[in-house]
2 protein chains.
Amino acid sequence: MTTFAHFPQVDHGDAAGELEATYDDIRLTLRVPWVAFACRVLATFPAFLPLAWRRSAGAFGTRYAEQAADELRERSLLGVEPALDLRERLRSAGWDDDRVDTVRRVLNELNYGNPKYLLLLTAWSERFQMRAAGGAQVPDDLRAAVPKGHPEGMDPLLPLVDPEQASVQLQTLLKRVADIHYHHGPASDFRVLAHWPDLLESVTDEILAPVVRTEGYDAKARELVVRARELAQGLPEPVGVERTELASACTPAELAGLTGVLFMYQRFIADITISIVHVTECLDGPAAASRSHFPVPEPS
Amino acid sequence: MTTFAHFPQVDHGDAAGELEATYDDIRLTLRVPWVAFACRVLATFPAFLPLAWRRSAGAFGTRYAEQAADELRERSLLGVEPALDLRERLRSAGWDDDRVDTVRRVLNELNYGNPKYLLLLTAWSERFQMRAAGGAQVPDDLRAAVPKGHPEGMDPLLPLVDPEQASVQLQTLLKRVADIHYHHGPASDFRVLAHWPDLLESVTDEILAPVVRTEGYDAKARELVVRARELAQGLPEPVGVERTELASACTPAELAGLTGVLFMYQRFIADITISIVHVTECLDGPAAASRSHFPVPEPS
């Protein structure tokens, strides 16, 4: 059961002390049910994550960040005809409505969080490369804080399948879905969908394989990265950490490595944002796939 | 003079022992006059570079690799009208023919090496992510070795300007040319061109700023990355190192960091390949910019 090549990271259950508090605060502030793969890998560099998050929590708990994520989500539709009617496929495989509803809720939660993490990693990558991220003039209504904590109806913590404990067949499938993206490991999203291996297989081979890394997909990923950069610059407060600030706390390899990891995940999350919106489009159509199902209540 | 934010790396003159031998062998095998920024940064991870290079020297010293680099170079033309007649600009700034010839030779050398490094970093990134890189069936004539050592007329080692020792004005210019690419630091190529600050200024602000990171530029970079992946798979021998092989030699952060650094430089070098071909096009036109000026002699 250990053919799967582990990627270094600190999983939810293994975070302790300051790191556990950081993980919890990320989930509660972003109002999402998981800590991104990116953050779990960044946690292997002790000096970075708690500091970077402390400097970002304020800006990411605002209506500005919520709206920016909404815009990135809306932009994520590929505009290609879904290759599969996923609802029909699940019904004919004997899925009842409750099970379909569970998958729908999970997909909506993932789509809610992915563009937030895209914005966060973009800001962190830019700042670590010694460019501005945040600190813009923002109207007061967008500076306002959103309520902290998970919205009603959202899972507080999605369980991720551990690939190293999975069957060889499921390990192979998780490697395949990462490889078709040219990724270094499976996104959290696929580790969640791995609870339903037959679903993940259709998602991988019938829905994603035909579109991932096509010219149109890559053009969309590029659009998201470019727009996320602009939106990150517009955050109401400066966020993240400059590389030079960690010069004494990190080895040269760690400083270079952090630069690379941040750069890589900015693009990784853009891909996953597109891919999971596309999967959801196959289930519920483009409008449901690209809107927030957990809108922040308007101030009274 | 130290406002410039140093990026961790081991420069040519600081490499010693096994690392120095690796640097020398990279230059002589690839027949290029510098060790790429990517390699100098990878040198900060002690376990990686000498091993990865030992496993790659054979495949990269073949006619297959030479031809693959030629193809990537030919594909690197942007197809946009040069914004500046660089030859005319240098003449009217009082440059004599000798000085223009020196810059021409340097540009041709950089264009010769960049697509080779793109192929190398692509292969290393893919293999580190546990995917195949090389080991394909290749006809004997392409498996044949190219002569080791620098071609006639090539500088053996291009001197790179040290940004930390440069004037504040030149530091600002080097940061600007990196920032317009959204890069973490200036490519070796720009550190070479920095010997002629007025040239680098025209290159940055008049030639590159109008095209870098446009849709067409990013589409071209994507084309190079996709094609480099295919060409890397076709190398006559397996190259590089799998992440799991370094599990005991590296910390988790180093393993994650290497993954990110390799991923980042694959894209970084695709950008630089395009940018320097475009600069050369402004000097000598598209045909001269996109062909090898150091072709391997045909076997007799």
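1. Buried area is the accessible area, found with a 1.4 Å probe, that two parts lose on being put together, summed over both. Y182(B), R222(B) and R243(B) supply 21% of the area that chain B buries against chain A, which is more than any other three residues.

2. Please keep in mind that this is a predicted model, in which local features need pLDDT of at least 70 and side-chain atom pairs count only at pLDDT 80 or more, while totals for chains, interfaces and linings use all residues. Side-chain values use heavy atoms, with hydrogens and water left out. For chain A the mean pLDDT (the predictor's confidence in each residue, from 0 to 100) is 97, and 99% of its residues reach 70 or more. For the complex, the predictor gives an ipTM of 0.98 and a pTM of 0.98.

3. How are the two copies related? When they are superposed by least squares on the C-alpha atoms of residues with pLDDT of at least 70 in both, a rotation of 180 degrees with 0.0 Å of shift along its axis brings chain B onto chain A, with an RMSD of 0.0 Å. The two copies are therefore related as by a two-fold rotation axis. The same surface serves both copies, since 100% of the contact residues of chain B recur in chain A.

4. Contact here means heavy atoms within 4.5 Å, and on that basis 37 residues come from chain B and 37 residues from chain A.

5. Side chains of opposite charge can pair when their charged atoms come close. With a salt bridge taken as a side-chain nitrogen of Lys or Arg within 4 Å of a carboxyl oxygen of Asp or Glu, there are four across the interface of chain B and chain A. One of them joins D179(B) to R131(A), at 2.9 Å from N to O. On the side of chain B that touches chain A, α9 (168-180), α12 (215-233) and α13 (252-290) of chain B each supply at least two residues, and α13(B) gives the most, with eleven residues. These helices are DSSP runs (H or I, at least four residues), numbered from the N terminus.

6. Over all chains, the whole structure holds 54 salt bridges. Among them is the pair R87(A) and D284(A), whose closest N and O atoms are 2.9 Å apart. This pair links distant parts of the chain, with R87(A) in helix α6 (residues 86-92) and D284(A) in helix α13 (residues 252-284) of chain A, 197 residues apart.

How values were computed:
Residues are numbered from 1 along each chain as its sequence is written. Chains are lettered from A and ligands numbered from 1 in the order in which they are written.
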